[in-house]
Amino acid sequence: MRPILFASKCLGFGRCRWDGDTISDHFIESLKARVDFITACPEMEIGLGVPRDPIRIVKDADKLHLKSSGTGCDLSADMSRFTDKFLSSIGDIDGFILKAKSPSCGISDVKVYPRLGPCDAVARGHGFFGVEVLSRFSHLPVETEASLTNFKVREHFLVRIFASASLRDIKAKGNRA
C-alpha cells in the first residue's frame, strides 16, 4: 500500500503562491512515483486569487489574526472554517509536507507582526492551517519542505510514512499474522 500524504499545493502541484509561482522541490518530485498526494492551497480555498496581496499574521491584543496586507481584511474566520472542514474530512493520511514560513501552512517559522504595514516581526509561530495539522495529527509525521532537506529528518519521515501505510494495509486486510 502506498503512503497517502498531504502536501501544500504550491510545492510543485500548482501555481498558487501569492505571486503566481510554484516551488519545484526535488524530494517531492521523487516521492510522486511512490506515494499518493492530497494537495490544497488553504489561501486559494478561502477565495484568495492568484496573484494576490501577501497575507501575514498580526498579533493584536494577544490574539493572532490572519490579514491581507493589501486590504487589511481579516481572513482568520474564513481560514478556521476551511481548516476545520478540510481536516475533518481528510480520511486516511500518513503524513504532511507543508510550506515552510507560510502564514497558512507554516509549522514553526512563520513571522508574526505587530501590525500591517512596514515593521519588523515580533515573534515566530505557526500558520493557521499548520497549527491545526499539528494539533489534530500529532501522531503523524508533519514536516516542511525546508526541514526535509536534512538527511536525518528526511530518513525518519520516510520510515514513518511507509510504516503507517503498512499498518493501514494490515488493518484493511484484517490479517494480524
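This report walks through the fold of one protein, from its overall build down to how single strands pair up.

First, some ground rules. The model is predicted, so to speak of local features a pLDDT of at least 70 is needed, side-chain atom pairs count only at pLDDT 80 or more, and totals for chains, interfaces and linings use all residues. Residues are numbered from 1 along each chain as its sequence is written, and side-chain values use heavy atoms, with hydrogens and water left out.

**The whole protein**

You'll find five helices and eight strands here. Both kinds are DSSP runs numbered from the N terminus: helices are H or I with at least four residues, strands are E with at least two. Along the sequence, they follow the pattern β-α-β-α-β-β-α-β-β-β-α-β-α. The radius of gyration is 17 Å, close to the 16 Å that the globule rule gives for 177 residues, so the protein is as compact as a globular protein of that length. (That radius is taken over C-alpha atoms, and the rule is 2.2 Å times the number of residues to the power 0.38.) The C-alpha atoms fill a box of roughly 60 × 30 × 30 Å along the principal axes.

Buried residues make up 44% of the 177; buried means under 20% relative accessible area, with a 1.4 Å probe and protein chains only.

Strand E1 covers residues 4-8, and five of its five residues are buried. Ile4, Phe6 and Ser8 lie on one side, Leu5 and Ala7 on the other, and both faces are covered. E1 also belongs to a right-handed β-α-β unit with helix H1 (residues 26-31) and E2. Right-handed means that, with the strands pointing away from the viewer, the path from the first strand over the helix to the second runs clockwise.

Strands of a sheet pair through backbone hydrogen bonds, either parallel or antiparallel. Two strands count as paired if DSSP finds at least two bridges between them. Here are three pairs:

| Pair | Bridges | Direction |
|---|---|---|
| E1 and E2 (residues 36-40) | five | parallel |
| E1 and E5 (residues 95-98) | three | parallel |
| E6 (residues 110-113) and E7 | three | antiparallel |

**The open sheet**

Four strands build an open sheet in the order E4-E3-E6-E7, with mixed pairing. Its edges are E4 (63-68) and E7 (123-125), each pairing on one side only. Within this sheet, Val110 stands opposite Gly125 in E7.

Notes:
Buried < 20%, exposed > 50% of the residue type's maximum accessible area, 1.4 Å probe, protein only.
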